[in-house]
Amino acid sequence: MSSAAIIKAARIANKLTQAQLAEKVGVHVASVRNWEKGSIPQTAVAQRLADTLHIETIQLEPQEVDPLMEFEVAELTKALHAKTAAMYGLPVDKVSISINILA
């Protein structure tokens with residue numbers, strides 16, 4: 001799981017909005033948005049962020065991505081979109097767009 005996904009999941013688990021998390025950590029809400037999009041928190045705030053979210057700072061460090069795993073996830077995503085489209089009688093591109101918007 002990426003640090004962005006960990007931050008977002010931990011924030012939600014702690015029932016915090018992005019603005020509330022920003023206030024608790026002492027940063028601008030744009031920083032939280034950026035972290036949840038994949039940027040890495042600066043070392044100066046990483047410990048405060050980890051403490052606030054009740055996670056380890058190592059979870060905030062960049063993770064190496066396995067190209068094979070990325071490929072497998074992409075293929076599974078395509079299959080999920082196709083099955084969902086078939087189940088509801090919708091075009092696959094409409095399902096993909098809807099899922100991407102919701103993500």
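These legends cover close-up views of a predicted model.

**View 1. Salt bridge between E36 and R11.** The structure holds two salt bridges. One of them joins the side chains of E36 and R11, with an N to O distance of 2.5 Å. This pair links distant parts of the chain, 25 residues apart. E36 lies in helix α3 (residues 29–37), and R11 lies in helix α1 (residues 3–13). E36 has a relative accessible area of 14%, so E36 is buried. R11 is at 9% relative accessibility and therefore also counts as buried. Buried means under 20% relative accessible area.

**View 2. Salt bridge between E75 and K78.** E75 forms a salt bridge with K78. The closest N and O atoms are 3.5 Å apart. E75 and K78 are separated by about one helical turn, because they stand three residues apart in helix α5. E75 is partly exposed, at a relative accessible area of 35%. K78 is exposed, with a relative accessible area of 54%. The cut-off for exposed is over 50%.

View 3. Y88 belongs to helix α5, which spans residues 67–88. The relative accessible area of Y88 is 58%, so this residue is exposed.

Conventions: Residues are numbered from 1 along each chain as its sequence is written. This is a predicted model: local features need pLDDT of at least 70, side-chain atom pairs count only at pLDDT 80 or more; totals for chains, interfaces and linings use all residues. Side-chain values use heavy atoms; hydrogens and water are left out. Helices (H or I, at least four residues) and strands (E, at least two) are DSSP runs, numbered from the N terminus. Buried means under 20% relative accessible area, exposed over 50%, partly exposed in between (1.4 Å probe, protein chains only). A salt bridge is a side-chain nitrogen of Lys or Arg within 4 Å of a carboxyl oxygen of Asp or Glu.
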